[in-house]
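Here is a short briefing on the structure shown below. Keep the sequence and the model side by side while reading.

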Amino acid sequence: MCASHPNDRCAAPLIELTGITKTYGRGASAFQALRGVDLRVDEGEFVAIMGPSGSGKSTVMNILGCLDVPTSGTYEFRGVHVETLSRNQRALLRRHYLGFVFQSYNLLSRTSALENVELPLLYRGEGASTRHTAARAALASVDLQGWEGHTAAELSGGQEQRVAIARAIVTQPTLLLADEPTGNLDTQRSREIMELLTALNRNQGISVVMVTHDPDMAAFARRTVHFVDGRIECADHRREAE
Amino acid sequence: MVWSTIVLAVRAICRNLMRAFLTILGIVIGVSAVVSMVTLGNGATRAVSDQIARLGSNLLMVNPGQRLGPGRDTAGAPNFKVADATAIETQISGLKAVAPSVSKSITAVHMANNWSTSVTGTNAAYFQISNWQLAAGRVFNETEEKAGKAVCVIGDTVRRELYGRQNPVGDKLRIKQFSCEVVGLLQAKGQGSMGMDQDNTVIMPLRTVQRRLAGNQDVSTLLVSLQDGVSSDKVKNQIEQLMRERRRIAENEDDNFNVLDTRQIAETLSGTTRVMTMLLGAVAAVSLLVGGIGIMNIMLVSVTERTREIGIRLAIGALEREVLFQFLVEAVVLSAFGGFVGIVLATLASVGLARVIQVPYLFNPQINVLAFLFSAAIGVIFGYFPARRAAQLDPIEALRHE
């Protein structure tokens, strides 16, 4: 069993996955996407998950993000067993602690950047003025002042991803999950996004878990976890130089 | 949560105005069709019953021949005489008045104007029986009736065509070879229940028409008005009995005359218009149904389209019930707005059309409420259930949806 967490650090665990498996389908056509994953992420960490296609990186992200439930194993989020929570409780966990950045941005089309960023605050029940202030601040932090009124269709890919990041951080989440955030962007834009994520991690203390297949992007993270065939590969690249 | 959901719903509607417009279009058309058709139908029914009321209620019409209507068989059925009217008046109780009458089509001439109209010869009781009011002048008196003097009372159409803006009372009118003094002008009644112009008439003493126009002693119709509270069936039977005696009809022979009760006509006619209203309403209901199917389609398509959006909302922490509530609010807002616009359009259309086809505009709250509720129900049902299906998906599945 190889260590999938930085056991020499004395930080509190934010996430602890133990023996997670995930099987899609049933019987003969069943496909085992995860075959027993143990992963620990501490508060304030920046972890990159790498691996070839079909190795289960996205599946583990979806489970981390409470969008999907594991077939077996336990998932503790700050000591809470997520696998025992109901659909609504998981939604509330997403609402209050998690921020998502998707490869395909997933912004609401025909909706202004500001409204997109306000959306999580609306579900949190914040008042209009709080929403506006926070959403503007979040857009400013991703360097998008002046673009508040533009709809997703009027923005470039990099800008869209930055709006998506603004939407993810506007609630000041505990954990930011980014699934191939730079997958659709060129190198220059990708670097900007990564610098943004790094800054958020350092300055605001937001823990980040990011899936990527690009080693250059993974290099921004403090730790890289390699997935192969539904398992974590033993080589654990700790990044000491910071 | 409620307020923020309403904000979300309104934003979602504004984001796609075209879709919203198409969605409500079906409802608008359906609701306005049903409401205006039923409203106009009700107006038409009211118009018919009003006209029958103007014709005179509690009125029996005795005509020679076996039946009334187009192609009525008068062959071999002798006309009445004045004596028949007198006999009814003296031998049957419970009557208000009896008016024998005979009508002829003639051309009336005044100065350079001439006008085709019909002359009715009758007595002074006719005005009361037929619910005529005088606009000016007087009706002819008994002396003039007995003497068969050339005096007449004219309807409003005849006045308009022959005299224009002049006052006809006291002026002369020429009919065939004789000249006739206009002593009175009738108030306009408007269109009759069969669509004829009731004001296109000239009324003269019976004897004048018999002597100067018909050249015989015949009477074609006996109008009998009943006192209030008298059973028209009973009087009808008595008149039939009396006429059979007077016309010497054998026991085994059919009547060669008929007695018509205006109440019966009224019932038949309002029955007919009611059926027409129901028919129109049914046709319009089909259009409401078709509108409903349109909404259903657009709602289904839009929810399928929006599955991704539902996935995004779920992923950033919306509860299933919040997403559902948003779609429900959207559906209610759209259908209620559609229903409201439909009712407004229907009101405008029915007020306008009622004026064109000359029926009164009657506001019918039931049909408005019914059409509104129906449209709202369609919108809610077909907006809600597909959305529920989408909201129950795993967020990740909804997100993958293209």
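How many residues does the contact take from chain B, and how many from chain A? Chain B gives 21 residues and chain A gives 20. The model is predicted. The points below start at this interface, then take the two chains in turn.

**The interface, seen from chain B**

- Four helices of chain B each supply at least two residues of the side that touches chain A: H1 (2-15), H10 (307-315), H11 (320-356) and H13 (395-400).
- H1(B) has the largest share of that side, with five residues.
- By class, the side of chain B that touches chain A holds 12 nonpolar, six charged and three polar residues.

**Chain B overall**

- Chain B has 13 helices and 10 strands.
- It has 402 residues, and 41% of them count as buried.
- Among contacts in chain B with a separation of 6 or more, 82% are between residues 24 or more positions apart.

**Helix packing in chain B: H1 and H11**

- H1(B) and H11(B) both supply residues to the side that touches chain A, and their axes come within 8 Å of each other.
- The crossing angle is roughly 55°, which makes H1(B) oblique to H11(B).
- The crossing of H1(B) and H11(B) is right-handed.
- From H1(B), the contact uses Thr5(B), Ile6(B), Leu8(B), Ala9(B), Ala12(B) and Ile13(B).
- From H11(B), the contact uses Glu322(B), Phe325(B), Gln326(B), Val329(B), Glu330(B), Val333(B) and Leu334(B).
- The contact of H1(B) with H11(B) has nine nonpolar, two polar and two charged residues.

**Strand E9 of chain B**

- Is strand E9 (residues 221-226) of chain B largely enclosed or largely open? Five of its six residues are buried, so E9(B) is largely enclosed by the rest of the structure.
- Strand E1 (residues 59-64) of chain B runs antiparallel to E9(B), and four bridges join the two.
- In that pairing, Met61(B) has Leu223(B) as its bridge partner.
- Strand E2 (residues 95-110) of chain B also runs antiparallel to E9(B), joined by six bridges.
- Here Pro100(B) stands opposite Leu222(B).

**The open sheet of chain A**

- Four strands of chain A form an open sheet with antiparallel pairing, in the order E2-E1-E4-E5.
- Which strands are at the edges? They are E2 (31-42) and E5 (80-81) of chain A, and each pairs on one side only.
- E5(A) is joined by two bridges to strand E4 (residues 72-77) of chain A, and the two run antiparallel.
- Glu76(A) stands opposite His81(A) of E5(A).

- Ala33(A) lies in strand E2 of chain A.
- Why does Ala33(A) count as buried? It has 22 C-beta neighbours inside 10 Å, and the cut-off for a buried residue is 20 or more.
- Beyond its neighbours within four places in sequence, Ala33(A) is in contact with Lys22(A), Tyr24(A), Gly56(A), Thr59(A) and Gly230(A).
- The C-alpha atoms of Ala33(A) and Ser55(A) are separated by 7.1 Å, while the two residues are 22 apart along the chain.

**Helix H1 of chain A**

- Helix H1 (residues 57-64) of chain A is mostly covered, with eight of its eight residues buried.
- The buried residues are Lys57(A), Ser58(A), Thr59(A), Val60(A), Met61(A), Asn62(A), Ile63(A) and Leu64(A).
- One of them, Thr59(A), is in contact with Ala33(A).
- Just after H1(A), Cys66(A) takes a positive phi of about 60°.

**Helix packing in chain A: H3 and H4**

- The axes of H3 (residues 113-124) and H4 (residues 128-141) of chain A come within 9 Å.
- They cross at roughly 120°, and H3(A) and H4(A) are therefore oblique to each other.
- The crossing of H3(A) and H4(A) is right-handed.
- H3(A) contributes Ala113(A), Leu114(A), Val117(A), Glu118(A), Leu121(A) and Leu122(A) to the contact.
- H4(A) contributes Thr130(A), Arg131(A), Ala134(A), Ala135(A), Ala138(A) and Leu139(A).
- By class, the contact of H3(A) with H4(A) has nine nonpolar, one polar and two charged residues.

How values were computed
Residues numbered from 1 in each chain as written. Chains lettered and ligands numbered in written order. Predicted model: local features only at pLDDT ≥ 70, side-chain atom pairs only at ≥ 80, totals over all residues. Axes fitted to C-alpha atoms, helices over the stretch in contact; angles between N-to-C directions. Parallel < 35°, antiparallel > 145°, perpendicular 65-115°, else oblique. Left-handed = near helix turned anticlockwise from the far one by under 90°. Contact = placed C-beta atoms within 7 Å. Nonpolar A, V, L, I, M, F, W, Y, C, P; charged D, E, K, R; others polar. Buried ≥ 20, exposed ≤ 12 C-beta atoms within 10 Å, placed from the backbone. Pairing = 2+ DSSP bridges.
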